[in-house]
Amino acid sequence: MVVAMSMRDHLSDLEKESIYVLRETARQFKKPVLLFSGGKDSLLLMHLSVKAFRPGKGGGRFPYPILHIDTGHNFPEALEFRDRLMADLGENLIVRKVEDSIRAGRAVDETGPFPSRNRQQSVTLMDAMAEFGFDAAIGGARRDEEKSRAKERFFSLRNSAGAWDPKNQRPELWRILNGRMRSGAGEQMRVFPLNNWTENDVWHGLSRMKVEVPSLYFAHTRRCVRRPDGNWLAMSPYVFPTPDCVIEERMVRFRTVGDMTCTAPVFSSAKTIEECLVENAQLPTSERGTRVDDQTSDAAMEDRKKEGYF
Amino acid sequence: MDQLRIMVCGSVDDGKSTLVGRFFHELGQIKSDQVQTIEKASQKNATGREKSGVVNLAYFTDGLRSEVENGITIDVAYRYLDMAGRRLVVADAPGHFEFTRNMVTACSQVDAVVLLLEGHSGLKEQTRRHLKIAQWMKIPRILAVVNKMDLCGFSQEIFLKRKQEIESEAGMAEITVIPACALEGHGILSFAGSPLSWFRGPSLLDWLKQVPGSSVFGHEDASLRLSIQGRVLGAGSDEAGTLAVIHSGRLQREDCLQTPEVSGLVQVLEIQIGDQVTNHALPGDPVFLKLDREVAAGTLLTLPEKGPLSARRWKVEICPLLENLDLSGKEFWLRTLLAEKKVRVLPRATSTPGGFAQNEIQEAVLEFAEDFATDTRDFSGQGDLGRFVLLSLETGGTIAAGFFLGV
Ligand SMILES: Nc1nc2c(ncn2[C@@H]2O[C@H](COP(=O)(O)OP(=O)(O)O)[C@@H](O)[C@H]2O)c(=O)[nH]1
Ligand SMILES: [Mg+2]
C-alpha cells in the first residue's frame, strides 16, 4: 500500500502546520477563542487542539474556550453532536444566540419564504468578542473552499469593526506569524490553521484520527424542498415554501454543514467517508457549490468578511 | 503523496492568472459552479481587454471585487490540485510594483517558481525584480515561461533570444526556459500538435511532475533547532509538560541541550507526540517534553557546540515592503520564528529618503539592546532561524523581510 503510506506523509505535514499555528496563537494572544460551528472543519480543529495541548492521561486543557454562534437555524443533529463532543472533551463551551441579538435590536431578521441569518451572525460574533474581550478568533476556513478565502493569511487582521481589508493585507513571511496589533485600537485577529487543507484532506485527516463525524455527512432520507430558483434545501421549521416549491423525500447527505436555511443537500447513497470521497470526485460542483449563502451575489463571502464574518 | 508548492510570478499582464486558470482547466479541475463564476465575471467585464463571449480564465484566481472590476491581481490566491502521487499548491502572485509585498509573501511559502515573461516584449522591470527576489529567498528551482508566443508568430528565433536574455539575467543559477501560449493552452500539458511543436523541452506539467517537493519544516539531517512554545495547562503540577517544536534536526530522548540564555545544560527526560511516548522526534513534530528544569517560551535549544552565533550588532539584508518607509536610525520589532526583540536600524548614507528603497534588497546593520543569538542565512538546513521580519512599533504591521548575514 505505497499510495496510502505516502498520503499519510502529506497529511502529517498539514497536521504539523496547523498545530504549529494553534500553539503560536496560544503563545501570542492574551485571550484567543476557537469558533465551533458543528461542521467537519471546526471538528477537525477540535481534534487538532487535543493533539496540540492535551498529552493524554487526563493532562492538559485547551488554552482557549470554544464559542458557538447559534443562529437558531441549526440542524438538530449538529447541536446534539456538539453537546456530546463537549461532554466527551470536557472543554469550556460558550454559546451566543443570534436570536438574542435580534431581540436586543442589534440585528433584524430577514423575511420571506427562505429567511437566512447568515449576515446577522456577524453581529452576534462581534458582540461576543467584545463581551469576553477576545483578541483572536480561530476559525476552520480553508483557502480551497472559496475565492476570497483563497487569499487569506494564517493570521488575518480585522479592524475594530471586524472588517477584513483584502486590498491591504499584511505580508506574512515563512512561518513567522505576526500577532501584533495597534494597541488600544480595538483590532482583532482571525486565525486560520486549516488554510492549506482541501476537502479531501479534511476527510482523510478525520478518518485517520478515527473520530466520530456527524451523521449529516452520510446518506439518509429527509424531506427536502426545491425552491423556484432550483436550489434544494432541507425542510425545517425555518423555511416557508411557497406553492411553486416542490417538497419530496430524498436520499441525501451534506457536503458542508451550515444553517438549515442555506446548506443544500447532495443526492447520495454514500454511507462512509470512502464512499463520499469517491462520489465527490464525480460530482460536477465544488464543495461550496452547495451553499446558497455564497450565491446571493458575486462576492457574497468577501462582503460578509468585510462585515466581521470569518 | 508528496507536496510541491509553486508560485507563478512575473510582470503585470504577462499572463500569470490566465496560465494558472488554463492549467487547471486543461486538467479538468475547474468545477461547474466555478466555471459559472468565471463566465459571469468575463461577461460583466467584457469591455477593453476581453472580446465579449470569450471566457477569461484569470477569474479562476482573481476573485476579489476590486480584482474582477479592474482586471488585475492584488493579492496572492492559493489553489490546490492532486496530480499522480503529488499534491500541487499553486500561488498566483500579483505583478504590480505596489503589490510586491504580496508576491514576497507567496514566495516565502513555495519550493519552486514559475516566472512569466512575454515573447514579444521580453523582460521588464518587475520580471527582473521577481527573479531577484526569488533568488534572494533561495528558491532552488525556477522555470521561466516565455508566454504569448502567439503574438510573435510562435517564432523559435524570438524564443531563443528571450531564453538567452533570461539566462543571462539569472546569472550562474540553473533555470529552465520554455515557450507557451496560456491563452490557447499551448505548452501547458504538452507541445504536441501545437504551433510550438518545434520545442524539445518539458511542458509546464512535465516540469511540475519532476521538480522535487519539500516540507514546510527544516531538514532532518541539519543541526538541531528546537524552540519552546509554552507549557501544558495541567490539573496537577506533576502533569505539567513543555510544548515545543523542532525546526530542524532530530531530537533524542536523554539529549542534553544548551540555550544561548542560560548556562548549564537542559536534559530531555521524556518526549511525547500526541498521546504516544517516543524516543525521538523530527522537524515539525509538535512535541510535549519533560525537561529537568523549566525553560521559558521563545527559548532556543540546540545541541552543545552546535549552537547559533550571538552578537549585539548583526549585518543583514532587508527588503522593505511598504512605500515611504523611514528606516534609517529608527527602532522596530524584529521577529524571528523564536522571539521578538527591539532593534535599531543603523543609519547609512544614500540618496533615497530614509536610506532604503521599497522592494529593493539592501544591506543594513541592526543593533539589539543585548546579544541576540540566531543562525545566518547560509546556515545549513534551510536557515529557518536566519530569517526575520521587521514590525512597526506603532501599528505592529509587517514592513520588511530580511536575512541575517553575519556578525
Ligand atoms: N495573446 C495572448 N494573450 C494572453 C496570453 N496569456 C494571457 N493573455 C492576456 O493577457 C492579459 C493579462 O492576463 P492576466 O492573466 O490577467 O495577466 P497577469 O497580470 O500576469 O495575471 C489578458 O488579457 C489575457 O487574456 C497569451 O498566451 N496570448
Ligand atoms: Mg494575475
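**Domains, metal site and salt bridges**

Guide: The area buried between domain 2 of chain B and domain 3 of chain B is about 630 Å², with carbon and sulfur atoms giving 66% of it; buried area is the accessible area (1.4 Å probe) that two parts lose on being put together, summed over both. The model is predicted: local features need pLDDT of at least 70 and side-chain atom pairs count only at pLDDT 80 or more, while totals for chains, interfaces and linings use all residues. Residues are numbered from 1 along each chain as its sequence is written, chains are lettered from A and ligands numbered from 1 in the order in which they are written, and side-chain values use heavy atoms, leaving out hydrogens and water.

Visitor: Which three residues supply 63% of the area that domain 2 of chain B buries against domain 3 of chain B?

Guide: An automatic or database domain assignment divides chain B into domain 1 (2-210), domain 2 (225-306) and domain 3 (309-406). The contact (heavy atoms within 4.5 Å) takes seven residues from domain 2 of chain B and eight residues from domain 3 of chain B. The 63% share, more than any other three residues supply, comes from Arg225(B), His247(B) and Leu300(B).

Visitor: Which residue meets Asp375(B) in a salt bridge?

Guide: A salt bridge is a side-chain nitrogen of Lys or Arg within 4 Å of a carboxyl oxygen of Asp or Glu. Across the interface of domain 2 of chain B and domain 3 of chain B, the rule finds one salt bridge. At 2.8 Å, N to O, the side chain that meets Asp375(B) in a salt bridge is that of Arg225(B).

Visitor: Which residues are the protein donors of the magnesium ion (ligand 2)?

Guide: Donors are N, O and S atoms within 2.8 Å of the metal (3.2 Å for Na, K and Ca); water is not among the atoms, so sites may look incomplete. The protein donors lie 2.0 to 2.1 Å from the magnesium ion and are Ser17(B) (OG) and Thr73(B) (OG1).

Visitor: Why does this pair tie together parts that are 56 residues apart in sequence?

Guide: Helices (H or I, at least four residues) and strands (E, at least two) are DSSP runs, numbered from the N terminus. The pair ties together parts 56 residues apart because Ser17(B) lies in helix α1 (residues 16-26) of chain B and Thr73(B) in the loop between α3 (65-70) and β2 (77-83) of chain B.

Visitor: How many residues of α1(B) are buried?

Guide: Buried means under 20% relative accessible area, exposed over 50%, and partly exposed in between (1.4 Å probe, protein chains only). Ser17(B) is buried, with a relative accessible area of 7%. What covers the buried residues of α1(B) includes β1 (2-10), β2, β3 (86-92), β4 (112-118) and α7 (204-210) of chain B. The helix is mostly covered, and its buried residues number nine of eleven.

Visitor: What is the relative accessible area of Arg5(B)?

Guide: Arg5(B) and Asp111(B) meet through their side chains in a salt bridge (2.9 Å, N to O). Asp111(B) lies in the loop between α4 (100-107) and β4 of chain B and Arg5(B) in strand β1 of chain B, so the pair ties together parts that are 106 residues apart in sequence. Asp111(B) is buried at 6%, and Arg5(B) is buried, with a relative accessible area of 11%.
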